[in-house]
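Please find my notes on this model below.

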Amino acid sequence: MKQQINTTNAPAAIGPYSQGINTGNLVFVSGQLPLCPITGKLETEITAATKQIFENMRAILAESNLDMNNVVKVTIFMTDLEMFAEMNKIYATYFNEPFPSRSCVQVCRLPKNAIIEAECIATV
């Protein structure tokens, strides 16, 4: 059985998808853009943008009584891998060892012309 996760502490979905889905022992968090849930402002600097996507992810996980330690897989999409080192510095502050498995790919464009987006899978 799947259960929708919805919180006002993260940006609302910008299309026909859920912020997250809880399937019992797994939680899937949809791609998070660096949008502030209060102001709607899109962060365009890599440090602030990375922090915002992981704060959004944290808020969605919290709705299922989970935190970043429950994350087992992260996928990151960036429009410029030249920013990879800066992103990694912030990423490392949100996760502890053993770190989740991860993929990071460069894409030509993201919704709302964001510079970064991330999604994750967490275990209960």
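**Notes on the core and its rings**

1. The largest nonpolar core has 29 residues, and Phe-54, Leu-61, Ile-76 and Ile-116 have the most contacts inside it. Such a core is a set of buried Ala, Val, Leu, Ile, Met, Phe, Trp, Tyr and Cys residues joined through side-chain atoms within 4.5 Å. Buried means under 20% relative accessible area, exposed over 50%, and partly exposed in between (1.4 Å probe, protein chains only).

2. The model is predicted: local features need pLDDT of at least 70, side-chain atom pairs count only at pLDDT 80 or more, and totals for chains, interfaces and linings use all residues. Residues are numbered from 1 along each chain as its sequence is written, and side-chain values use heavy atoms, with hydrogens and water left out.

3. Which element gives the most to the 29-residue core? Helix 1 does, with 8 residues. Helices (H or I, at least four residues) and strands (E, at least two) are DSSP runs, numbered from the N terminus.

4. Helix 1 covers residues 46-62. Its 17 residues should span 24 Å at 1.5 Å a residue, and the end C-alpha atoms are 24 Å apart, so the two agree. The expected span is 1.5 Å times one less than the number of residues. Glu-45 caps the N-terminal end: a side-chain oxygen lies 3.0 Å from the backbone nitrogen of Thr-47.

5. Buried residues of helix 1 include Ile-46, Ala-49, Ile-53, Phe-54 and Leu-61. Their cover includes strand 3 (26-32), strand 4 (71-78), helix 2 (84-94) and strand 6 (116-123).

6. Ile-116 touches Ile-46, Ala-49, Thr-50 and Ile-53, among others. Contact means heavy atoms within 4.5 Å. Its partners also include Ile-76, Met-87 and Leu-110.

7. The structure holds 4 aromatic pairs. Phe-54 and Tyr-91 form one that is edge-to-face, at 5.6 Å centre to centre and 75° between the planes. This pair links helix 1 to helix 2, 37 residues apart. Rings of Phe, Tyr and Trp (its six-membered ring) pair if their centres lie within 6.5 Å; planes under 30 degrees apart count as stacked, over 60 as edge-to-face and the rest as tilted.

8. Phe-54 is buried, at 0% relative accessible area. Tyr-91 is buried too, at 6%. The rings of Tyr-91 and Phe-95 have centres 4.6 Å apart and planes at 35°, so that pair is tilted. Phe-54, Tyr-91, Tyr-94 and Phe-95 form one aromatic cluster.

Notes: Polar contact = N/O pair within 3.5 Å; in protein donor to acceptor, adjacent residues only side chain to side chain. Lists of a residue's contacts leave out its neighbours within four places in sequence.
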